[in-house]
Amino acid sequence: MSFETLSENRSFGGTQGVYRHRSDVTGTDMTFAVFLPEMAQLGRVPVLWYLSGLTCTHDNAMTKAAAQQWCDEAGIAIVFPDTSPRGEGVANDEAYDLGQGAGFYVNATQDPWKPHFRMWDYVVEELPQLVAENFAVDPEAMGITGHSMGGHGALTIAMTHPDRYKSVSAFSPIANPTESDWGRKQFTAYLGEDKSTWRSHDATILMTEKGFPGEVLIDQGNSDQFLDLLKPESLAQAMMARRQPGQFRMQPGYDHSYFFVQSFMADHVFWHADRLL
């Protein structure tokens, strides 16, 4: 699969690049970012996937999460995909939480979304293949994390494909979307009225039914302005009921912003590095 280099910049000894390719999955041009640590000059390195939240592109976390320094120190790559297909002819909505910028990491089955909104297949299948073929990353050593909508995506993808992801973490994830307006609205639009099709995209339900074979790390700010929509207590209770190994940390005074994410990014990078290396 071919791609176009939009920019490459030296960063903490490694290289931060931004790239664009034509996606067969979404039928659109897709932009993504890859940071390769200096260690990648010597051979393939583990890779951490970072899924962003509502309204974001690849750029938000790339410039605001402060991940590059820690990834170079740990010797792992990090990939920042976009959150949805974009462009002329791609369905959209006036609301910020539906349509472009709000793909919710599902494969849409309903019109007008289904021709392009196949973010599950894009993030799980197509983009990892492109990255593995063209960058010095080890596809057998992958971890996944994300923020908000991206935390929802990271948890559901990892619990569905524990054979592919050796580590998983999340920042303030949408934890119980089938019981939240951040979920019911989007699932109805993308997946339809049949709520049985929603279950495989709810981290609380998956934690109850499957869990994750390794440890899980979740950070949530207790001053998050979206707590009622995120429903962290549902996931925390499911983890306790399952006796899931890991940590669910309620961080005092932190909100939903990237100031929160960058405050704990080093913890998450080294958490993944310990498990991937």
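Q: Before we start, what should I know about the numbering and the atoms used?
A: The model is predicted, so local features need pLDDT of at least 70 and side-chain atom pairs count only at pLDDT 80 or more, while totals for chains, interfaces and linings use all residues. Residues are numbered from 1 along each chain as its sequence is written, and side-chain values use heavy atoms, with hydrogens and water left out.

Q: Which strands does strand 2 pair with, and in what sense?
A: Strands (E, at least two residues) and helices (H or I, at least four) are DSSP runs, numbered from the N terminus. Two strands pair if DSSP finds at least two bridges between them. Here, strand 1 (residues 4-11) and strand 2 (residues 14-22) run antiparallel, joined by seven bridges. Strand 2 also pairs with strand 3 (residues 29-36), again antiparallel, over eight bridges.

Q: Where do I look for the turns of those hairpins?
A: Start at the strand ends. Ser11 has Gly14 of strand 2 as its bridge partner, and the hairpin of strand 1 and strand 2 has two residues between the strands, with Phe12 at a positive phi near 50°. Further along, Arg22 stands opposite Asp29 in strand 3. The hairpin of strand 2 and strand 3 has six residues between the strands, and there Gly27 takes a positive phi near 70°.

Q: Is Tyr50 buried or exposed?
A: Buried means under 20% relative accessible area, exposed over 50%, and partly exposed in between (1.4 Å probe, protein chains only). Tyr50, in strand 4 (residues 45-51), is buried because its relative accessible area is 0%.

Q: What does Tyr50 touch?
A: Contact means heavy atoms within 4.5 Å. Leaving aside neighbours within four places in sequence, the contacts of Tyr50 include Ala61, Phe80, His147, Phe171 and Met265. Tyr258 is also among the contacts of Tyr50, and a polar contact of 3.0 Å joins the side chains of these two residues. A polar contact is a pair of N or O atoms within 3.5 Å; within protein, one must be able to donate a hydrogen and the other to accept it, and residues adjacent in sequence count only if both atoms are side-chain atoms.

Q: What does the side chain of Gln186 reach?
A: The backbone oxygen of Asp97, at 2.7 Å. Gln186 is in helix 5 (residues 181-191) and is buried, with a relative accessible area of 0%. Not counting residues up to four places away in sequence, Gln186 also touches residues including Leu98 and Phe104.

Q: Where does His161 sit?
A: In the loop between helix 4 (149-160) and strand 7 (165-171). His161 counts as buried because its relative accessible area is 16%. Not counting residues up to four places away in sequence, His161 touches Trp120 and Val124. His161 and Trp120 are 41 residues apart in sequence and 12 Å apart in space, C-alpha to C-alpha.
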